[in-house]
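Colleague: Before I use a model like this one, I would like to learn how its local features are read, one at a time. Could you take me through some of them?

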Amino acid sequence: EFYDLVNKIFEELGEQPNPVQQSAIKADQFDTAIGLLESSVMGGRETVRRAMANVLVPKLKAKNATATHGALLELGRNRSGQIRLVTTNFDRLFEKVIVKKKLSVERFQAPFLPIPKNRWDGLVYLHGLLSKIPTTNNLDRLVVSSGDFGLAYLTERWASRFVSELFRNYTVCFVGY
């Protein structure tokens with residue numbers, strides 16, 4: 001999925017990956033390819049992220065466009081009916097389901113994450129969430145490039161702390177689709 005996103009961003013910008021970017025893509029280092037693209041295009045980081053926001057517009061008219069997200073929100077319920085779900089996606093499909101089904105769900109977006117202990121409930125956008133109308137500040141908070149991952153997991157460590165506490169306090173089920 002990240003492979004497709006990276007290729008669509010290049011297409012959206014009318015760019016062909018240079019040899020170094022192509023090498024990163026072939027090595028499945030998509031975050032590195034994004035970082036390299038950000039440093040090579042006019043407008044840099046913001047230009048690439050705006051292109052990404054354009055690419056991530058969901059096709060809501062497609063059959064079952066939000067079925068998987070609805071199922072994940074249901075599977076993410078604990079015994080008392082509260083939702084505990086973490087996603088690394090930053091598209092707005094969970095938001096569409098929450099509004100459509102009129103669910104009461106607290107949401108947390110990177111880098112402002114809860115401490116996952118017993119009283120934690122909600123939907124965590126671990127790598128951020130695109131706002132309806134993305135601002136420069138919102139786009140800048142998304143974890144997309146290798147530099148973003150470095151900040152989130154190594155330098156500032158807010159994502160590492162969240163994930164460490166999550167594993168320490170909960171049984172975690174990974175779902176890939």
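This is a predicted model: local features need pLDDT of at least 70, side-chain atom pairs count only at pLDDT 80 or more; totals for chains, interfaces and linings use all residues.

Colleague: Let us begin with the helices: at what angle do α1 and α3 pack, and how far apart are their axes?

Modeller: The general idea is to compare the N-to-C directions of two fitted axes, with angles under 35 degrees counting as roughly parallel. Here helix α1, residues 2-13, and helix α3, residues 30-40, pack at about 15°, and their axes are 10 Å apart. Because of that angle, α1 is roughly parallel to α3, and the crossing in which α1 passes α3 is left-handed.

Colleague: Which residues make the contact between α1 and α3?

Modeller: From α1 the contact draws on Phe2, Tyr3, Val6, Ile9, Phe10 and Leu13, while α3 contributes Phe30, Asp31, Ala33, Ile34 and Leu37. Sorted by residue class, the residues of this contact comprise 10 nonpolar and 1 charged, with no polar ones.

Colleague: Which residues is Ser145 in contact with, once its neighbours within four places in sequence are left aside?

Modeller: They are Asp31, Ile34, Gly35, Glu38, Arg45 and Arg49. Two of these names, Asp31 and Ile34, have come up already, as residues of α3 in its contact with α1.

Colleague: For the backbone, where is Pro111 found, and what is the peptide bond from Ala110 to Pro111?

Modeller: Here the angle to read is omega: the bond from Ala110 to Pro111 has omega near 0° and is cis. Pro111 itself is found in the loop between β2 (107-109) and β3 (122-125).

Colleague: And what is phi in Asn64 and in Lys102?

Modeller: The thing to look for is a positive phi in a residue other than glycine, and Asn64 shows this with phi near 60°. Asn64 lies in the loop between α4 (44-55) and α5 (67-75), and counts as exposed because its relative accessibility is 56%. Lys102, which is not a glycine either, has a positive phi of about 55°. Lys102 is found in the loop between α6 (93-100) and β2, and with a relative accessibility of 74% it therefore counts as exposed.

How values were computed:
Residues are numbered from 1 along each chain as its sequence is written. Side-chain values use heavy atoms; hydrogens and water are left out. Contact means heavy atoms within 4.5 Å. Axes are lines fitted to C-alpha atoms, for helices over the stretch in contact, and angles run from 0 to 180 degrees between N-to-C directions. Helices (H or I, at least four residues) and strands (E, at least two) are DSSP runs, numbered from the N terminus. Angles under 35 degrees count as roughly parallel, over 145 as roughly antiparallel, 65 to 115 as roughly perpendicular and the rest as oblique. A crossing is left-handed if the near helix is turned anticlockwise from the far one by less than a right angle, and right-handed if clockwise. Ala, Val, Leu, Ile, Met, Phe, Trp, Tyr, Cys and Pro count as nonpolar, Asp, Glu, Lys and Arg as charged, and the others, Gly among them, as polar. Buried means under 20% relative accessible area, exposed over 50%, partly exposed in between (1.4 Å probe, protein chains only).
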